[in-house]
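Hi everyone, thanks for coming. I'd like to walk you through one structure today, so please have a look at it before I start talking.

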Amino acid sequence: MSALRMEVEDFLFHEADLLDRWQLDDWLALLTDDAAYFVPPNDKPDGNHNTTLFIVADDSVRLRERIIRLKDPSCHAEWPPSRTRRIIGNVKASEADGEITVRANFTLNRHRRGGDLRTFSGEYRYRLRRENGALKIAERRAILDAEELGHMGSVSFLL
Amino acid sequence: MEAIMAENKGRTKGETMRNSSEWVLEDRGADQFLVNRQVFISDDILQKEWDVIFRTCWIYIGHGSEIRNPGDFRTRKVAGRQMIFCRDKDGAVRAMLNVCPHRGALVCREREGNARGFFCMYHGWTFQTDGSLRSGPGLDAYGPKFDKASHGLVQAPRLEHYRDFYFINFDPNAVSLSDYLAGAKEYIDIVVDQSPSGQMEIVSGTQEYDIKANWKLLVENSVDDYHIITTHSTWINYMSNSGVDMRRPKGSLLPSLGAGKNLGNGHLTTDNPNYRGRPVARWISVYGEEAKEDIDNIRAELVARLGEARAARVADTNRNLVIFPNLVINDGSSVTVRNFTPVSPGLMKVTSWALGPVEETEAQRARRLHAFLTFYGPGGFATPDDVAALEAAQEGYAAWREAPWNDLSRGMYKSEDDQLDTDEGHIRTFWRRWKDLMETAA
């Protein structure tokens, strides 16, 4: 059990590092071909993206388009790119039927010019799979704690 | 020290309060329309907007579908006031101040739900869903002259709806909502015609986010098609990469040539031939091959119900509609209802929802929500760049003394009937209305 958690923690810390460094192609390599990425709305954190309006609900096609956009200097919301720092903790992982289910807490500070600091906190939920011995992300969900997006504004970077 | 303060004070008086007739300048001879940037940063002007615009105009409070059953309620801030929007136990829609008549505390602190009544946690007064006072501990202490009937929640002086869009007005003498909406009704009708039964609903899930910019900038931005090729070039690339034809005809800034329209009373809209796909009912490759037949069926239903011409109007045109002052209905990639309220001159709170026909199948609803997020919302492929643009503009306005004017003159040399969506004629109609209201009150 704790061996699995340590393995998952190493994986999440590595992923956080790639995202905070904007190494987005390397991050893409952590995903399965059918990976999905979700940010549910603050008022329906357990909603289903097919029946509830999300903040982000990317299938694998749109997720790859999102990376193309984020790397483009014309992605004005992220140009110059935000400086982000995420701290991940309270990692819980369990494995069943070839999938690893993960829950972890996060705090993310996003800095922009002019002393603009926006803090995001919440829970990550993952479905991970093993492909050729390596962990891969099949689904990634960032669930925000706040009652509303409010001062956080946009989720224009990868949360 | 005192002298410096006095000097600064004098300067503030001389410079900060321009005469209201100088906030919006229109020179028809020079084809020039200018808005002073002070209107985006002045506390005094915002105070006047609260007093005039948000107190005498019809302000959107919610959609009937959000409170389907007796006892259903939503609490939200409307025109700066905490409100309860609910359906009472007899089925009547209510808009009441969420303010205890006793000592002013909120009587409902939940976002939404179904209630048999409302309860003030401060001193325990309870209210029926129609707002009347039901009970309270020890009310006998107020003596025999206590009039229970006059101690209910305060109802909005006016509450009216058009096709299930509910608005309130704090001016008891305001014109009817129907008269107020004027030409905007025609465009709301086009939106609602997407439903076979004429019933649209707000979809579950709320996007609530702040923009560090003046609220009027979102009015402009919501209908400004001039910015799309620049601000949203990554969205255009996304559409192109997905197989949508985004080529622009010669002389056009967008894949189709649209119009900007004045709908009266400060309402305005874009009215554009579709190029970006519509869940009802124009297929684009983003929806996937498997959706083609379904979209054809949706269109066939429109034609059978509305006839060929009206079906084409509904299915083949897009509109971004502003209901003065602060409601936007964008009927493009999907339908969004977007409401926004100032907090301070440089900060607004935005709430947006998805709207769809009640009859939609789960696959159709999923397609609508997927299409919504191609463009709209704080995680969409376009809205965050709008937010960045508005915040960048707001930053610039700090230099209003040296760089005082926003220019909204595009297309002004042409007649009102010839205004393109990429011109600024429709945006000028907002400013004219804003100016009229603010000056009348001066």
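Let me begin with a question: which residue takes a positive phi just after α8(B)? It is B:G243, with a phi of about 95°. Please keep in mind throughout that this is a predicted model.

Helix α8 of chain B covers residues 233–241, and its buried residues are B:T234, B:W235, B:I236, B:Y238 and B:M239. What covers them? The cover includes α3 (60–70) from chain A, along with α7 (228–231) and α11 (362–375) of chain B.

That brings us over to chain A. Here we have three helices and six strands, and from the N terminus they come in the order α-α-β-β-α-β-β-β-β. The radius of gyration is 15 Å, close to the 15 Å that the globule rule gives for 159 residues, so chain A is as compact as a globular protein of that length. Its C-alpha trace spans about 45 × 30 × 30 Å along the principal axes, and 36% of the 159 residues count as buried.

Now for the sheet. Chain A has an open sheet of six strands, ordered β2-β1-β6-β5-β4-β3, and the pairing is mixed. At the edges sit β2 (56–58) and β3 of chain A, each pairing on one side only. From one strand to the next, the twist averages 20°.

Helix α1 of chain A, residues 2–20, packs on this sheet and touches β3, β4 and β6 (134–144) of chain A. The direction of α1 makes about 155° with that of β3(A).

Let's zoom in on the pairing. Strands β3 (residues 83–96) and β4 (residues 99–112) of chain A run antiparallel, joined by 12 bridges. One of the pairs to look for is A:I87 with its bridge partner A:T107.

On to the next pair: how many bridges link β4(A) and β5(A)? There are 14, again in the antiparallel sense, with β5 covering residues 116–131. Here A:A104 has A:Y124 as its bridge partner in β5(A).

That's my tour, and I'm happy to take questions.

Definitions and conventions
Residues are numbered from 1 along each chain as its sequence is written. Chains are lettered from A and ligands numbered from 1 in the order in which they are written. This is a predicted model: local features need pLDDT of at least 70, side-chain atom pairs count only at pLDDT 80 or more; totals for chains, interfaces and linings use all residues. Helices (H or I, at least four residues) and strands (E, at least two) are DSSP runs, numbered from the N terminus. The radius of gyration is taken over C-alpha atoms; the globule rule is 2.2 Å times the number of residues to the power 0.38. A residue is buried if 20 or more other C-beta atoms lie within 10 Å of its own, exposed if 12 or fewer, and partly exposed in between; C-beta atoms are placed from the backbone. Two residues are in contact if their C-beta atoms, placed from the backbone, lie within 7 Å. Two strands pair if DSSP finds at least two bridges between them. Axes are lines fitted to C-alpha atoms, for helices over the stretch in contact, and angles run from 0 to 180 degrees between N-to-C directions.
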